Amino acid sequence: MSETQIVWLRRDLRMADNPALFAAASQGPVVCVYVLDDDAAGHHAYGGASRWWLHHSLESLSNSLGKRNAKLILRRGDAVEELCKVAEEVGAKTVHANRHYEPWWRKAQGKLSDKLDLQLYDGIYLYPAGHITTGSGSQYKIYTPFYKAMRQQFPPRDVVPEPDTLSSPETWPASDNLADWELLPTRPDWSGGLADFWQVGEEAAHQRLSEWEEDVSDYEDRRNLPSQDGSSRLSPSLHFGEIGPVQIWDALKHKRSDGWQSYESELVWRDYAANVICQFPAYARENYREDYDQLKWRDPDTDEKAARDLKKWQEGKTGYPIVDAGMRQLYQTGWMHNRVRMITASFLIKHLLIDWRKGEEWFWDCLCDADYGSNSVNWQWNAGTGVDSNMFVRIMAPLTQSEKFDAASYIREYVPELADLDAPYIHDPEEHGCLPKAYPPKMIAHKAGRERAMDAYKAMKDG
Ligand code: FAD
């Protein structure tokens, strides 16, 4: 019998288009292993919403493997140590894995390759990070030239099929019981809203993609309208690798339209984010532009008023309906519309003058699609601190944004206190003199928030 092959799964929880699984299956009996290694990720160990998703995603993959007489082995602890133990138990020397770019995974990949034969494959992005380079061979830092250069290289690689056969080892190594990992919330169980909003797993991701094929042509017109279901909502499935971007690209490539073009460019943002964290591994913790280290943020750790303001933002009680709807959508469903992510991020950073890292942390805990690269790249983009970013002085006006992008029914859905109000009153009930008793007045006036942010910015520039 040929030697047993280990497949190390992380954010690639799928059977099809999984180059590591496919290669392993062609070489011998396969043992798929998922290690929950919270210590490796440290500050970026999965937050509550992601843990909920992970539980269901592992359950789904385990069922798919079970139908093929295979098993998903679950271990908890140091990923490298656990993989070495499994290898010893089954007499394997080779581990197959899709290449990941989070700094902790790069470190683990390095350590593991010193101990076992680690075969790495490119499976979770359109192209491997670092592959798209300038004419002189250096890495892109700015999105637009990165996107243009990637388009020159399209199409991406072919989709890899699901393996025809998965043969079993003579004996299976021990596995943890998924329920014992306690990834699901219990006291209290706050996950009802997530369960109502999402279907988790590879099959559900493909179902969503086939629905999305019908709608993608309208993407350009609808993507910015939070009241409409105008984006694919594939981000958590993409994050956990229940579906890969190459599969999406392949399924939609015949849908040539402005909508598809614009959707393709968003998929490229995901690759771009991986490209950024590969160049700047500490991107989620450090300003790329060092001058912002001198910006005098209001610090919730030392300033009680700032701490209360942060809490109001987290709970969706700012008095700005569009901001509150977004923050409550996030808490209830584990997801927020992209336009509203930008509005709520800008509000925290500029109107409340609170460091973007506090927002990054909250999103990390609450998003089902929380992703080290995409979250930090977007927070730094909004803060103006990033390698490619909006300018700090471009301060979004939440009330204008709410009207412009027709957020009335979105607000009615997530802020029930305002459910009886029509547009235009619902965008700014205080200004229109129809503020319901149950809803708070604005925590800071737009003009005052803007001026405070501009003053802090000028003080930083003046040194
Ligand atoms: P669609 O509009 O259908 O886009 C398709 C896919 O492209 C998405 O699923 C996603 O994988 C990718 N994508 C789209 N926009 C972006 C973008 N700006 N950056 C990177 N990838 C993108 N996205 C995450 O996946 N994880 C995060 O942790 C995350 N944090 C964010 C934080 C802030 C402050 C902001 C402003 C944006 C963040 N985004 C993040 C990007 C974006 O909001 C989500 O990817 C998108 O809303 C997901 O919904 P969708 O699947 O319907 O996206």
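1. How many bridges join strand S2 to S3? Five, and the two strands run parallel. S2 covers residues 30-36, and S3 covers residues 72-76. S3 is mostly covered, with four of its five residues buried.

2. Before going further, a word on what we are looking at. This is a predicted model. The chain has a mean pLDDT of 97, with 100% of its residues at 70 or more. The scores for the model are ipTM 0.99 and pTM 0.98.

3. Next, strand S4, residues 94-98. Like the strand in the opening point, S4 is mostly covered: four of its five residues are buried. S4 pairs with S1 (residues 5-9) in the parallel sense, over four bridges. S4 is also joined to S5 (residues 117-121) by five bridges, and that pair runs parallel too. To find your way around, look at Gln 5, which has Thr 94 as its bridge partner in S4. On the S5 side, His 96 has Gln 119 as its bridge partner. When you inspect these strands, keep in mind that side chains in a regular strand alternate between the two faces of the sheet.

4. As for annotation, UniProt lists residues 3-126 as "domain: Photolyase/cryptochrome alpha/beta", in an unreviewed entry. Over residues 3-126 the chain is 45% helix and 22% strand.

5. Now the ligand. There are 27 residues around it, and those that come nearest are Ser 231, Ser 232, Ser 235, Asn 375 and Asn 378. By class, the shell divides into eleven nonpolar, nine polar and seven charged residues. Which helices each supply at least two residues of the shell? They are H10 (235-239), H12 (258-279), H15 (338-351) and H17 (372-383).

6. The record has something to say about binding as well. In an unreviewed entry, UniProt places the feature "binding site" at Tyr 219, Ser 231, Ser 232, Arg 233, Leu 234, Ser 235, Tyr 263, Asp 369, Ala 370 and Asp 371. These positions are spread over 153 residues of sequence, and in space they are spread as well, up to 22.7 Å between C-alpha atoms.

7. Tyr 219 is found in helix H9 (residues 219-222). Is Tyr 219 buried or exposed? Tyr 219 counts as buried because it has 22 C-beta neighbours inside 10 Å, and the cut-off for buried is 20 or more. Arg 233 sits in the loop between H9 and H10. With 17 C-beta neighbours inside 10 Å, Arg 233 counts as partly exposed. Arg 233 also has a positive phi of about 50°, although it is not a glycine.

8. Asp 17 is another one for the backbone list. Asp 17 is not a glycine, yet its phi is positive, at about 50°. You will find Asp 17 in the loop between S1 and helix H1 (19-25). Asp 17 is buried, because 25 other C-beta atoms lie within 10 Å. For background, most residues other than glycine have a negative phi, and most peptide bonds are trans.

9. On to the cis peptide bonds. One joins Phe 154 and Pro 155, with omega about 5°. Another runs from Arg 187 to Pro 188, with omega near 0°. Where does Pro 155 lie? Pro 155 is in the loop between helix H6 (143-153) and helix H7 (192-197). The place of Pro 188 is also in the loop between H6 and H7.

10. Last, a look at Asp 39, found in helix H2 (residues 38-41). Why does Asp 39 count as exposed? It has 10 C-beta neighbours inside 10 Å, and a residue is exposed at 12 or fewer. Asp 39 and Trp 52 are 13 residues apart in sequence, and their C-alpha atoms are 18 Å apart in space.

Methods
Residues are numbered from 1 along each chain as its sequence is written. This is a predicted model: local features need pLDDT of at least 70, side-chain atom pairs count only at pLDDT 80 or more; totals for chains, interfaces and linings use all residues. Two strands pair if DSSP finds at least two bridges between them. A residue is near a molecule or strand if its C-beta atom, placed from the backbone, lies within 6 Å of it. Ala, Val, Leu, Ile, Met, Phe, Trp, Tyr, Cys and Pro count as nonpolar, Asp, Glu, Lys and Arg as charged, and the others, Gly among them, as polar. pLDDT is the predictor's confidence in each residue, from 0 to 100. UniProt positions are given in the numbering used here, feature names are shortened, and annotations may be inferred rather than shown by experiment.
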